[in-house]
Amino acid sequence: MRVAYFNIGFALEDWAINNAKKYGGDVVGRYLKQLDGFKVFAPESFYENLTFEDRKENCYILSDEVCKVLQQGYPIDQIFNFSNFDIILHPHTCFSFNRTNKLKLPMVHWSGFSGTAGHSLNDYILLYRKSFTPCFGEKAKYFVLGKAIPEEFQEHKKSNYIFQCTQNCKDFNTIEVAKNCIKYGINGFFGGPIRDYDLMDYINNKNTFYLGIMSEQEKLKYTKEARLYTNLSIWDVVYNQSVIESWGLGTPVLTNRVGWFNEVIRENVNGFFYDGSNFKECYDKCLDIKQIDCYNAAKQYDVPNMINSFKKAFNEIKQEWNYNG
């Protein structure tokens with residue numbers, strides 16, 4: 001299957017490690033290594049988190065001029081020759097305008113969202129969330145994004161703290177977690193960038209501690225040893241890599257009852273839903289959750305399952321396209 005992946009913006013990515021992660025790289029690197037014929041066309045900034053081996057022979061840099069032309073809606077098939085590809089994949093709604101009737105292969109929109117504005121009837125939709133599938137009917141294909149989950153798992157001792165490494169902003173409601181840590185005398189460690197947010201007003205270095213921008217090794221260490229990982233996102237979450245990562249290390253999560261979390265959180269098995277008053281109750285109960293159950297939850301979202309879900313979706317789309325054509 002020969003897939004051309006165009007991205008003239010940024011990839012949906014885990015921003016927890018550093019600000020530059022907003023341009024992607026981690027997920028895309030795994031696509032390139034394991035999907036035959038997968039080529040990426042994107043601005044240079046998109047590749048800044050990829051190693052040379054990730055990029056070699058698979059990635060093509062789009063100039064700023066080309067990106068601007070595409071964003072303005074110029075017909076994509078007048079810029080690129082797609083005779084060597086079977087499918088065009090793109091992550092943004094704005095790209096839905098960049099087509100003509102001469103394009104003789106399926107245009108696939110990678111989306112976690114339910115909005116349909118700007119899509120023609122010829123678009124196929126790749127969805128993170130099963131609950132969205134009925135909205136799009138037969139044009140929708142479900143897939144998963146994966147994390148590199150350890151191949152084997154061993155039970156390990158947990159320390160007495162919660163951990164959160166995200167963008168620290170109102171969308172992730174970090175202050176709510178810090179307030180609860182102070183209120184109940186629970187140690188809370190926070191990492192990641194702070195964006196237009198007064199988190200430091202709630203860092204007292206007694207119960208709450210800010211660790212700054214963390215390396216991957218540091219983040220994994222704190223996640224593994226935490227009793228509970230928190231992510232109180234207040235928006236309609238489409239997917240979250242940090243939750244998968246936490247499960248892979250045997251750490252349950254506390255989240256709000258929103259979006260994708262509703263599909264993957266099994267209370268008292270791999271995590272809890274925060275209701276505004278049960279923070280300490282969840283913290284006290286989290287050691288009752290079996291670490292292996294968290295790990296098994298993560299295995300559904302590992303890299304092999306991610307790759308297989310893409311292959312399955314692409315093959316179905318190609319077969320349907322050929323049949324309808």
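What follows is a short chat about this predicted model.

Visitor: How many helices and strands does the protein chain have?
Guide: Let's start with the inventory, using DSSP runs numbered from the N terminus. On that count, the protein chain has 13 strands and 11 helices.

Visitor: What is the average pLDDT of the protein chain?
Guide: Bear in mind that pLDDT is the predictor's own confidence, on a scale from 0 to 100. A score of at least 70 is reached by 81% of the residues, and the chain average is 82.

Visitor: Over residues 12-25 the pLDDT is below 50; how many contacts does this stretch have beyond near neighbours in sequence?
Guide: There are two such stretches to mention. Residues 114-121 also have a pLDDT below 50, with 13 contacts beyond near neighbours in sequence. For residues 12-25, the number in the model is 46.

Visitor: Which residue of strand 11 is the bridge partner of I162?
Guide: Strand 8 covers residues 162-165, and it runs parallel to strand 11, joined by 2 bridges. Within strand 11, I162 has as its bridge partner L228.

Visitor: Which residue in strand 12 stands opposite N231?
Guide: Strand 12 spans residues 253-255 and runs parallel to strand 11, with 3 bridges between them. Opposite N231 you'll find T255.

Visitor: What is the handedness of the β-α-β crossover from strand 11 to strand 12?
Guide: Follow the chain out of strand 11: the path to strand 12 goes through helix 7, residues 241-248. That crossover is right-handed.

Visitor: In strand 11, which residue points the same way as L228?
Guide: In a regular strand, side chains alternate between the two faces of the sheet. Here Y229 and N231 point one way, and all four residues of 228-231 are buried.

Visitor: Is C165 buried or exposed?
Guide: The cut-off for buried is under 20% relative accessible area. C67 has 6% relative accessibility, so C67 counts as buried. C165 has 1%, so C165 also counts as buried.

Visitor: How many disulfides does the structure hold?
Guide: The test is a pair of cysteine sulfur atoms within 2.5 Å. By that test, the number of disulfides is 0.

Notes: Residues are numbered from 1 along each chain as its sequence is written. This is a predicted model: local features need pLDDT of at least 70, side-chain atom pairs count only at pLDDT 80 or more; totals for chains, interfaces and linings use all residues. Side-chain values use heavy atoms; hydrogens and water are left out. Buried means under 20% relative accessible area, exposed over 50%, partly exposed in between (1.4 Å probe, protein chains only). Two strands pair if DSSP finds at least two bridges between them. A crossover is right-handed if, with the strands pointing away from the viewer, the path from the first strand over the helix to the second runs clockwise. Contact means heavy atoms within 4.5 Å.
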